[in-house]
Amino acid sequence: MRRYVCIHGHFYQPPRENPWLEEVERQESARPFHDWNERICREAYAPNAFSRILDGQGRIVRIVNNYARMSFNFGPTLLSWLERKAPETYEAILQADRQSRERFSGHGSALAQAYNHMILPLASSRDRRTQIAWGIHDFRHRFGRPPEGMWLPETAVDLESLDLMAEAGIRFTVLAPRQASAVRNSPDGVWEDVTGERVDPSQAYRVALPSGREMAVFFYDGALSRAIAFEELLSNGGVLARRLLEAGGDGAAPGAALGPGLTHVATDGETYGHHHRHGEMALSYALKVLEENPDTRLTNYGEFLERHPPTREARIVEGSSWSCIHGVERWRSDCGCSTGDHVDWRQEWREPLREALDWLRDELEPHFEEAAGALLRDPWGARDRYVEVVLDRTPENVDRFLDQEGLRPLTPPERIRVLKLLEIQRHAMLMYTSCGWFFDDLARIETLQVLRYAARALHLYQVLAGTGMEAEFMDRLSRARSSVPGFGTGADLYRTRVAPDRVELAKVAAHHAVSSLFLDGTAVSGSRHRVYAYDVRVEEAQPASSGGIRLSMGRMEVSSTITRTSGRFTFGVLHMGDHLVVGGVRGFEGMEAYQDLIGRLRSRFEEGDALEMIRILDREFRAASYSLSSLFRDEQERVVDRILKDSLAGAEGVLHNLFESRLPLMRFLAGLQVPQPRPFRAVGEFILDLRLERALAAEPPEISRAEQLFREAELTGLRMDRERLGFEAAGALERTLRHLEQEPDNLRLLTTVRRLVAFIRSLPFALDLWDAQNTFFRILEGEFRRRLELVRGGDLEPLPWILEFGGVGRTLGIAVPEPPLPVVEAGSGSPDPER
């Protein structure tokens, strides 16, 4: 009897964007990566899209897309980030769903998800409806089809949520086995108690809903899922496959399936690579073994449901979830559930945090109904459809939405008002992202993030209503207390860690004004620039420089791409070298005042009177003065790098001369095995690292130069920066392979690739060649196989290229097919390879 197997991965990260900038800023805890999305993408999302299958010799024989052979869901906010920041991985995910439809009888493997991972049983009915609607619309937008199934955040479930999903067209969902309370064979049959994970996971169940609708539910294999997530099952793909084949089928569960059964597991998708290194490779191998087993069929939930509709009915445990044994208390109380990292910490902060956010939501709703009701046909319906704007903020699409939803043709100020009202509602939902309560302390970045969304909603409300609710909100937050000494209450954290992130148009103007001193092309009259979620139009720029002093002054217009709010500003900033920047921004007060200010600044600049310029800037801009610290975080790093680069440029020549003059002595000392003096070592390592970086970053890479510099390091006993060298060398190889992919007939590029690989293999440490291997494999599957077929057909012209390329691949640890060697006629002087 054939067995069905389905592996589901729930791939999700909480939204991390700065709510004012709509971009994820650098997160120090994720270093060396920019942020946690980038880090986990590199460790899990991308590896599962391009996963390796190895042969017995450890060589890569296939690179496969795991998503195409499993069931999966991605959080919509994570997909939005992947689309912008990791487009190759994003496209592989979409392609996997298309491929799965071909593999699984027309049923795609992707499931939708309630939009921003809100715990639906704790949400208002309106929020549940919008979360489901946004999740479905986002799914249609990306995958080009309606979803059959929907993943519930934390599998948190109740009948109302299932009913709303069914009303929206969702056919099935996946729950944990402990979320089943009873099952029966027929509508008039006897209910059998299945609490304690005794439900048979090998079949789908029908759940009757209050409206008379039904929802199909799959209860995954709990023991096997836990073994994958928390034990060592992913250390060997063959063992994983065997466990999946052995699971189920003992008939012990009440009403166990008599026909072909389903073995299925569900875990966080990050299990495969992030939580368990190389877990994606174990998954790939297990899927390969299962696919090759004649008694097993890989499937997904949609296909299995079509072939084996539910014959039994189930009752769910109302208000239950997969990650809290107390139901959904983890997201509203100190229930005892935590990560376990700090056993002495308490989570009493969860309750006042939720109460504060519930209060804010309930205060915002009547304001929205009244204000939006005067402008929109159906305010709450417009909110359900606002995801159309979130997905496409082009002016044309925003205007189409506003024209469609308006009670009448809306004026520009009314359009701005509507957009702000809807943004308040968007952030009032984002502030309920489940991760805000999941972890151990109020001061975690996930909890601070939900407070930032609340702060953005409060900010917009204050702008529209002319009065604020922030003081009362903070008073409620003061009842939540961090376990970390010195962090204080939720109000303290809001004041010190959240409120400083607030962005006004003037701050964007200041950011652009300061950065214009350092970034080319930003201080040009008539130029336009994007600063995160804002457009900057430089109406006039009057830069000036003399010696080491630079002045940037002018006027600009800043407008939000989200709400269309705009403002005009006058700016003046002075750079006196290194990090010394003073200046300010103020609202544009007319041409007369503007020209007077510009004239006085220019006059003092031409006189070289820096002190008087500082006085003018201080007097004219008063409290609205700015410096390098006014830049947004990522731009701060870029500008500081520019300043350091300029400062180091002068020092480099001095250090170069010092190194060259002491090089013979350093070689002599190394020959005697005498440690280099600390000053010699510091200068030598700095110079050699810098030269190696430049050699490998050159186009084409200067391989001979790199080899010479590395030998010099060995001769002098200097230590190279391995991380930096490895990054540059791997990048040079991947970059050159991409050039070869575009120009496969360029033999010079192929030779460069071979020499780069030889250089990399000569290094005394391992490099991350993952990107280079992916590019090589694309060429292997495309251009190489095309040329190989020509050789097999008797055309020997491509043979030298194939041999050279194959040699590179084998050095990279990739199994490359051997071409057939030509048989030489007897008497030609060359042996017959077949003899």
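**Reading a predicted model**

The protein averages a pLDDT of 92, and 96% of the residues score at least 70; pLDDT is the predictor's confidence in each residue, from 0 to 100. This is a predicted model, where local features need pLDDT of at least 70, side-chain atom pairs count only at pLDDT 80 or more, and totals for chains, interfaces and linings use all residues. Residues are numbered from 1 along each chain, and side-chain values use heavy atoms, leaving out hydrogens and water.

Me: Why is helix 26 called roughly parallel to helix 28?
Reply: Their axes come within 10 Å and cross at roughly 25°. Angles under 35 degrees count as roughly parallel, so helix 26 gets that label with helix 28. The crossing is also left-handed.

Me: Why is the pair Y4 and F304 called edge-to-face?
Reply: Rings of Phe, Tyr and Trp (its six-membered ring) pair if their centres lie within 6.5 Å; planes under 30 degrees apart count as stacked, over 60 as edge-to-face and the rest as tilted. Here the centres are 5.3 Å apart and the planes sit at 80°, so edge-to-face it is. Y4 is in strand 1 and F304 in helix 9, 300 residues apart.

Methods: Axes fitted to C-alpha atoms, helices over the stretch in contact; angles between N-to-C directions. Helix = DSSP H or I, 4+ residues; strand = E, 2+ residues; numbered from the N terminus. Parallel < 35°, antiparallel > 145°, perpendicular 65-115°, else oblique. Left-handed = near helix turned anticlockwise from the far one by under 90°.
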